[in-house]
There are 2 protein chains.
Amino acid sequence: MNIGDVSERSGLPVKTVRYYDDIGLVCPPRRANGYRESGNDYLHKLAFLGRARSLGFSIEECRTLLSLYEDRERSSSNVKSIARTQLARIDQKIEELQALSGTLQDLVRRCRGDERPECPIMEDLAQRRASGRAKPPISRPSPKRDPETLDSRSMQ
Amino acid sequence: MNIGDVSERSGLPVKTVRYYDDIGLVCPPRRANGYRESGNDYLHKLAFLGRARSLGFSIEECRTLLSLYEDRERSSSNVKSIARTQLARIDQKIEELQALSGTLQDLVRRCRGDERPECPIMEDLAQRRASGRAKPPISRPSPKRDPETLDSRSMQ
DNA sequence: CTTGACCTTCCAGTAGATGGAAGCCCTATC
DNA sequence: GATAGGGCTTCCATCTACTGGAAGGTCAAG
């Protein structure tokens, strides 16, 4: 199997597969010509990674999960603890976004959106007491070429 | 006013204020010694930016908002349109995160979290059909030194 | 005059890829 | 055998929005 095949079968872009090799996350053996020799084991690990990433685990957490994945003696409490951390992060983020959404909804609702310059949104930005330090932008549309994915790159 | 003062008054870190100057977002005049000459106008724009960023607008959107902010002839529909886009992004992201949270909650609940290796979370990662292409990590704890901010760096 | 707090610029690094260039490798066809 | 093409390799640059740190200029106080 060449890298193109694993890419297709694992659902990860070729570039990503190579990237995971670069950073030492999963490193397949090489053939004499330098090509990556991709066996089933490698394929399974990549698919595992894809799923872990899709659940929002960081690369470093994936590294840990992968070592636990390979450890037949692992205790499930280790895994559960990592998952709990991620769950807490997600729930926290949801709360923050809901607050943002509420504020914006209110502003949008109050703005006439016509030709005139009067605008509650602008007035708010010009005067509102900041509710906290600047947060990063949310779920910006990305240059990803994958149309099926609703994207969520750069939630930074 | 020196940069340290504007930083304190606007709530933006000094580094960030300089960064916004670097990228041409807001550029104060300079004094003979090269120091930034920070007037009230500058301060207001920085505060405006801080609030816009805290609502999740990207730097490029902030650039637009800032030009609208300075345009006494602007139409509120322009502003509203930008705000609506951001609102849609946020709501979309909330939905995605709620789905993730649900999945993880289920997995965590089913995992015993003891010394034994059996683990529904791992089994899921090992076999689940990916529900989509890998998504970026969510709301990872960041190297930010601001303890009051609940952080949300790198929602990528 | 020295100290120390400011200010300046510039370079590097963060996460997690992604795009592209330059250059092998391999197979098929002419 | 030459050539065309596709796939593979590496390496470098780019993206977002900063942040950290080094090297060095400036300024007010003591």
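User: Where do I start with chain A: how many helices and how many strands does its secondary structure have?

Analyst: Start with the element count. Chain A comes to six helices and zero strands. Along the sequence the pattern reads α-α-α-α-α-α. Keep in mind that the model is predicted.

User: What share of the residues of chain A counts as buried?

Analyst: Chain A has 156 residues, and 37% of them count as buried. Take the contacts in chain A with a separation of 6 or more: residues 24 or more positions apart account for 34% of them.

User: Now helix packing. At what angle do the axes of H1 and H3 of chain A cross?

Analyst: Read the distance and the angle together. Helix H1 of chain A spans residues 3-10, and helix H3 of chain A spans residues 40-54. Their axes come within 9 Å and cross at roughly 45°. H1(A) is therefore oblique to H3(A). The crossing of H1(A) past H3(A) is right-handed.

User: Which residues of H1(A) and H3(A) meet?

Analyst: From H1(A) come A:Val6, A:Arg9 and A:Ser10. From H3(A) come A:Tyr42, A:Leu43, A:Leu46, A:Ala47 and A:Gly50. Sorted by class, this contact has five nonpolar, two polar and one charged residues.

User: And in chain B, how do the axes of H1 and H3 cross?

Analyst: Helix H1 of chain B (residues 3-10) and helix H3 of chain B (residues 40-54) have axes that come within 9 Å and cross at roughly 45°. That makes H1(B) oblique to H3(B). The crossing of H1(B) and H3(B) is right-handed. In H1(B), B:Val6, B:Arg9 and B:Ser10 meet B:Tyr42, B:Leu43, B:Leu46, B:Ala47 and B:Gly50 in H3(B). The classes there are five nonpolar, two polar and one charged residues.

User: Next, a pair across the two chains. Is H5(A) roughly parallel or roughly antiparallel to H5(B)?

Analyst: Take the angle before the label. H5(A) and helix H5 of chain B (residues 76-110) pack at about 155°, with their axes 8 Å apart. Angles over 145 degrees count as roughly antiparallel, so H5(A) is roughly antiparallel to H5(B). H5(A) passes H5(B) in a left-handed crossing. By class, the contact of H5(A) with H5(B) has 18 nonpolar, eight polar and eight charged residues.

User: How should I read a nonpolar core, and how many residues has the largest one here?

Analyst: The general idea first. In soluble globular proteins, nonpolar side chains tend to be buried together. In this model the largest nonpolar core has 59 residues. Those with the most contacts inside this core are A:Ala52, A:Ile121, B:Ala52 and B:Ile121. Helix H5 of chain A (residues 76-110) gives the most to this core, with nine residues.

User: Which residues is B:Ile121 in contact with, leaving aside its neighbours within four places in sequence?

Analyst: In chain A, they are A:Val79, A:Lys80 and A:Ala83. In chain B, they are B:Leu107 and B:Cys111.

User: Is A:Glu96 buried or exposed?

Analyst: A:Glu96 is found in helix H5 of chain A. With 21 C-beta neighbours inside 10 Å, A:Glu96 counts as buried.

User: Last one. Where is the place of B:Arg36?

Analyst: B:Arg36 sits in the loop between helix H2 (14-22) and H3 of chain B. With 17 other C-beta atoms within 10 Å, B:Arg36 is partly exposed. Leaving aside neighbours within four places in sequence, B:Arg36 is in contact with B:Ile3, B:Pro28 and B:Arg30. The C-alpha atoms of B:Arg36 and B:Ala126, 90 residues apart along the chain, are separated by 56 Å.

Technical notes. Residues are numbered from 1 along each chain as its sequence is written. Chains are lettered from A and ligands numbered from 1 in the order in which they are written. This is a predicted model: local features need pLDDT of at least 70, side-chain atom pairs count only at pLDDT 80 or more; totals for chains, interfaces and linings use all residues. Axes are lines fitted to C-alpha atoms, for helices over the stretch in contact, and angles run from 0 to 180 degrees between N-to-C directions. Helices (H or I, at least four residues) and strands (E, at least two) are DSSP runs, numbered from the N terminus. Angles under 35 degrees count as roughly parallel, over 145 as roughly antiparallel, 65 to 115 as roughly perpendicular and the rest as oblique. A crossing is left-handed if the near helix is turned anticlockwise from the far one by less than a right angle, and right-handed if clockwise. Two residues are in contact if their C-beta atoms, placed from the backbone, lie within 7 Å. Ala, Val, Leu, Ile, Met, Phe, Trp, Tyr, Cys and Pro count as nonpolar, Asp, Glu, Lys and Arg as charged, and the others, Gly among them, as polar. A nonpolar core is a set of buried Ala, Val, Leu, Ile, Met, Phe, Trp, Tyr and Cys residues joined through C-beta atoms within 7 Å. A residue is buried if 20 or more other C-beta atoms lie within 10 Å of its own, exposed if 12 or fewer, and partly exposed in between; C-beta atoms are placed from the backbone.
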